[in-house]
Structure formats: structure tokens, C-alpha cells
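Visitor: Please take one part of this structure and describe it closely. I would like to see how its pieces are placed against one another.

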Amino acid sequence: MDPVPALEEPLKKVLGPATAKVMAEHLGLHTVGDLLHHYPRRYEERGQLTHLADLPLDEHATVVAQVADARLHTFASSKAPRGKGQRLEVTITDGSGQLKLVFFGNGVHKPHKELLPGTRALFAGKVSVFNRRLQLAHPAYELLRGEDASETVDTWAGALIPLYPATAKLESWKIAKAVQTVLPSAQEAVDPLPEALRAGRGLVPLPEALLKIHRPHTKADIEDARARLKWDEAFVLQVALARRRHADSQLPAVARKPKQDGLLSAFDAKLPFTLTEGQRKVSAEIFDDLATEHPMHRLLQGEVGSGKTMVALRAMLAVVDAGGQAAMLAPTEVLAQQHHRSITEMMGELAEGGMLGGAEDSTKVVLLTGSMGAAGRRQALLDLVTGEAGLVIGTHALIEDKVQFHDLGLVVVDEQHRFGVEQRDALRGKGKQPPHLLVMTATPIPRTVAMTVFGDLDTSVLDQLPAGRSPIASHVVPAADKPHFLARAWERVREEVSNGHQAYVVCPRIGDEDEDPKKSKKKPSSEDEAEKRPPLAVLEVADQLARGPLQGLEVEVLHGRMPPDDKDAVMRRFTAGETHVLVATTVIEVGVNVPNATAMVIMDADRFGVSQLHQLRGRVGRGSAAGLCLFVTEMPEASPARQRLTSVASTLDGFELSRIDLEQRREGDVLGQAQSGARTSLRMLTVIDDEEIIAEAREEATAVVAADPDLDRLPGLRTALQALLDEEREQYLDKG
């Protein structure tokens, strides 16, 4: 983690250009420090043999095993020089199972001499199946006894053999040998942890941790090293975020205090319902932030339908009351139009500022999207620069250079994960002083992830649904195993429509893409047909439904490639109840609010992620009638995709689902965004399992930064931060 000269040495100088090139291209390792932080994935014990039965098919695996049998077969071959080919079959065992190794042609001579019964070695290769038995074809191997025993013993010091994340081009033991070469440099590693913190928590020094992780003599060595290296990752990341929070707290901002009897009071007075306890509590947190002279940086998480938009709108009105403007940034045009429509409807005459019939305290609410006509766009830009419009809702069109505000006081970003940091930053740059920032996400995030990814934002959570929201029943429909279940699904849609309700059918694809002729010629095997065939498409499914099971109903389509006016017209007809069934892509995933829509059928549901399915499901059950969501899939019951769908169907708790999601996916997917541009991502730390370490590291980091914001007294920590935050990452955090 610490780039000091020895650890910054390029690998090509130390290991030679050929090995260094493979390490750079396939493993992203460039320096001695990078290699020292490429930790073993697991360890094999010399005295024990690997469980061959647990080998993953089609993956690159390394096993430690003993040769039980070796046979050389000769067969007729037109390719061999004397018309005879050779095949060496070696059977290896771990005491509980066997695995066959196969070598052909010229590749048989060396293993034929070396792999004699009783020989122990490491074998690495891609696990395949031949004649219903697992095998490794032409595996690489490294003897653990024999002529070069002394070198092997040196290389594999200790009783535990480290097995590294490897590639076909670079086996685990070659990585181990490379690590052996650079390991003396570990002594030069500068410790990023303050000495008092390290000693207080009983953590081993960094050089010792690196030595123990790569060359452990006991399992206790591995535990010591892991405990220490996890702390490094958690602490350095939390220090970066704590410095960000500290810097933000020093920035100036205009305090925005809502005036008594202004726009907000008038709006609250005309609300036809009372706010939930959660909405009141979160609003109070936001108003307190807005009243300070430093920019608010708050993350508002809430379940689908928990009323985040209402909380955000009240914050925007408070800023207008205080003489500023507020902008809401939405990820899609459909969502921007939907927000604009629902906000103007909620506000009524309060949204008619400057118009005949507008209320006394009213303001103007404008929409700004990329596809607006020139005249509408000109008027919107004029309303913003003069301050006539207090509220603006738009897509990334709001970020363009031409857009100027009179006095931007608050930026609300809807659906954080759809926006690049650069886009948020560009909008924040449009205020005379940094505006306050409220980020809304409908994908609930476990506390640990929030602390790791959004650690520079204060977090508010809305966890209760407003009164009047109905429960949603969810079921998996196994279309391949039980086709009659799918027929019943369409009957259920007809029943909902006959009861005066409406339904969504969601597909992963639009269906107007140019088919690749090469792809269409390939016939999938029946075994993996469900996975290999193209995902179901909106245009095809809508056509089949209108002519088949949903004949006689009004069926319309909605997708992202339609002209904006057409999209808007389709949404208006559906909202008005003129359309019975809307067949759509995920453009309806966020923010679309049609209380009369009670049923949703998601086709090829296994093609969507957990949070996406939860988001989509949140579009039904928004009125007084109960919601129904059906996940249609052709995946077999035992598949991970099917298990994922069962998890989503079994709970409506978004926080629980995000936890399941995190456990099923690799952490990098979740942290990819926060780790953008980082040379070192999380390697030891697992966000879900290491909750305590992350929380403690955050506390320690906050205290360290409060006492020494520039880390003048902690040069080792400063160096570690520079390694974590290359320029791109530094900018990323600056903008976050």
C-alpha cells in the first residue's frame, strides 16, 4: 500500500520483461508493491491432499496430489511422423477421489519420465469432462519431490503452500516464485497505521504481515496477517473519506432557511395526507443541514415507494422560500417527465408562478431535457437565468454549458448509481457558492456498504411505507419445468384487467436490434438453451401477447429508443387507464407511478440483478389494491439464477435483498464505482463480513483527521493514501 522506492520498482526490472508483461496484462500488477499485495487465495497443507471431488468445472484449478498410475498408449495417427501417436494418461489421487491427466503428442516425453507412481506434485490446468469423468488436459505441474527438491522446498517454505489467483498464462507456483524474489522488499514497506493504533489493537507490523501472508508457517500466521491487512484497507479508505468530509465542512455555502408562511407552508397545508414519522424525521435532518453555512452532503435511502420524492420536494421548496433555486437531476427522460408531471400536479396553483391563476407564493417549475424543441428550451433557459423558475427538473441536459442559474441552492440527484461523479460535479459547479447536495437512492444499501462507498455523505433512511401502500405478492414462474404456470400467469393478468386494473410486462431487450448473422446461425444445445438464446424482446412479446393470451386487451409498448413525444404519449395513455397492458424495458424501473397498475410479469427475470428486480416490483401495489409480481424464468431449479429469484420473491425488505445481492455478487461490482481509478481495490476486506472493522476504522479515521487534517505527523499514512488515490481517484472523491 506504501509506494516507497523499493516497492515502486517496476516488475520488469526485477522479474524480467516476459514475466512482467504477463503480470501486467493478465493480473494488473506493475510494481513490486503490487505483487506483494497480490495475496494467496487459499493455502494447501503439505500433509493433506486436495479434495478432487470439489473441483470447479471449466475453471483454472491448482491441486496438490500424488500419482497413482501412469500409462502410455500408442494409437494410429496420420499426424504423427511414423503413423503412430502417443497419449499419456496419468491418474492422480488425494486419498478420497481420483482425477485423470492427459498428455498428447510431443508433450508426453517429460511427464512420462517424471510422473511416476508415488510422485507428489502441484498440477494446474482447466478442468474439463471427458467420458463423464473430470480431467485436466496438458496440465502444467511442479514436482514437490525429486531432483530439484531443495529449490522446491525453498520456494514452498513452511508447511502451507500458498495458491494464488492465477491465469492460464501464469500458474500459481510461478507467481509464488516471483513473490519469493520480491519478498525481501517487504522489509521496506512503510507502515500506514499510526503506531498507537497498531499497538492498541495488537496488530502485527506491515512487513511482518506481508511475510506471513505469503510464507506462513502456521494457520495462526495467516490469521495475524489477514487481521492486519484488513485493517490497512479499511483504515486507509476511511481516512480518504474522512478527509473529504472534513474538507467539505470547511467550504462556504449559503444557509437556506425556509420562511414562515411561505411556499413550503402553503404546500404542506394543501397535502391530502399526513407525512409519515420517517418523512418528518428525515425532513428535519435535511432542514438542519440546509440552515448551515457549509454545503449539505446527504444520501437519502429509502424503500421503493417510501416517499423520497415528497421529502426531496419539500427540501426544494424550502430553498425556494429562502430565495434560491433547486434542481432535480433524473437519469432518464421518461423519469424526468414523470417527476415534472407529478410535482406540478402535487403543487397545483403553487407551480404556476407568473401565470394567471397562480397562487401568491407560487414559483415556476420547468422541465429541461435534451429532446425538447428549440422554443421550449429557450424559454426554460431564460426562466432559469432570470430566477423566474424556482424548480427545474431535467436529465443531464441540465449540465450543459449553456445552462445558467440565477442562484442555485440545492441539487437533488435521483438514483445515484446512474450518474457519473463528473456529471454531479458539473451541476454543483453552477452555483455561485457550492450548492447543497441531496442524493436519493431507491436501492437500499447495507450500512457497511454505505460507510465504504458513500462514506463522505451523511445518511438518512426512510424505512416505513406511507399509508395506503399495499402488499405485493411475488412468485417465481418456472416456464420450462411447468409451462401451465405461464399460461396461468396470463390468466391472472386478464383477471386484474377485468377488475379494472392494469399490468406491466417487462422484457430485457427491445427487439429492434440488427441481428448479427454469425450469431443467429449458431444453434444452442438444449442443455443451455435458456442461457444461450437471446433475451426476450419487448416488440416480439407484445406482438405474441396481443395475438395470443391477451387478445382483445389494449397492449402498448414502451422502450428507450422511442421518440420522446411517443414515450410521453404512451405513459399518458397508461396513466389515464386507456391502456390495459404496458410491455416495456426497464425504462419503467424508477419513479414511474401508476397506482392503478397492480400486476407485473417480468420475462427472463434471471437476466436482471437483485436490486433491479426489487425496483421493478416497486411499480405495482402503489394504490389501495394488492400488487402481484411474477418472475418468469426458464432456468433450472438448482441454478444460482433461480435461487436468486427465489430470494427476491421471499422478501420485500430492500435492505435484506441488498445484503443477499452483495453476498452473491463479488464485492468489486458494488465497490467498482467508489474504487474508480484506485490502484488498490479491496482484496482482504469483505464488506458484509467485516462490518465491525469498517465501523471501528471509520471512528479511528475521523479522530486522526480531526487532529491532523493534512496528516503532517503521519507520513506513512500520507504515502499510503497517494497509492490508493492516484489522480483519477483523487478527483473522484473531490467530486463525490
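Guide: In this predicted model, helix α14 and helix α22 lie oblique to each other, because their angle is about 50°. Helix α14 covers residues 333-347 and helix α22 covers residues 564-575, and their axes are 10 Å apart. The crossing of α14 past α22 is right-handed. On the α14 side, the residues that meet α22 are Glu333, Val334, Gln337, Gln338 and Arg341. On the α22 side they are Pro564, Lys567, Asp568, Met571 and Arg572. Sorted by kind, the residues of this contact are three nonpolar, two polar and five charged.

Helix α14 also packs against helix α13, residues 308-321. The axes of α13 and α14 come within 12 Å and cross at roughly 65°, so these two helices count as roughly perpendicular to each other. This crossing is right-handed. From α13, the contact uses Thr309, Met310, Leu313 and Leu317; from α14, it uses His339, Ile343, Met346 and Met347. The residues of the contact of α13 with α14 divide into six nonpolar, two polar and no charged.

Next comes a sheet. Seven strands make up an open sheet with parallel pairing, and their order is β11-β12-β10-β13-β14-β9-β15. At the edges stand β11 (364-368) and β15 (458-462); each has a single partner strand, so one side of each has no neighbour in the sheet. On average, neighbouring strands of this sheet are turned by 20° against each other, direction ignored.

Strand β17 is another element to look at. Strand β17 spans residues 502-506, and five of its five residues are buried. Gln502, Tyr504 and Val506 point one way from β17, while Ala503 and Val505 point the other way. In a regular strand, side chains alternate between the two faces of the sheet. Strand β17 pairs with β20 (residues 597-602) in the parallel sense, through five bridges. Glutamine 502 has alanine 597 in β20 as its bridge partner. Strand β17 also pairs with β19 (residues 581-584), again parallel, over four bridges. There, valine 506 stands opposite alanine 584 of β19.

As for the setting of these parts, the protein chain has 29 helices and 21 strands. Of its 736 residues, 52% count as buried. Among contacts between residues at least 6 apart in sequence, 75% join residues at least 24 apart.

Definitions and conventions. Residues numbered from 1 in each chain as written. Predicted model: local features only at pLDDT ≥ 70, side-chain atom pairs only at ≥ 80, totals over all residues. Heavy atoms only, no water. Axes fitted to C-alpha atoms, helices over the stretch in contact; angles between N-to-C directions. Parallel < 35°, antiparallel > 145°, perpendicular 65-115°, else oblique. Left-handed = near helix turned anticlockwise from the far one by under 90°. Contact = heavy atoms within 4.5 Å. Nonpolar A, V, L, I, M, F, W, Y, C, P; charged D, E, K, R; others polar. Buried < 20%, exposed > 50% of the residue type's maximum accessible area, 1.4 Å probe, protein only. Pairing = 2+ DSSP bridges.
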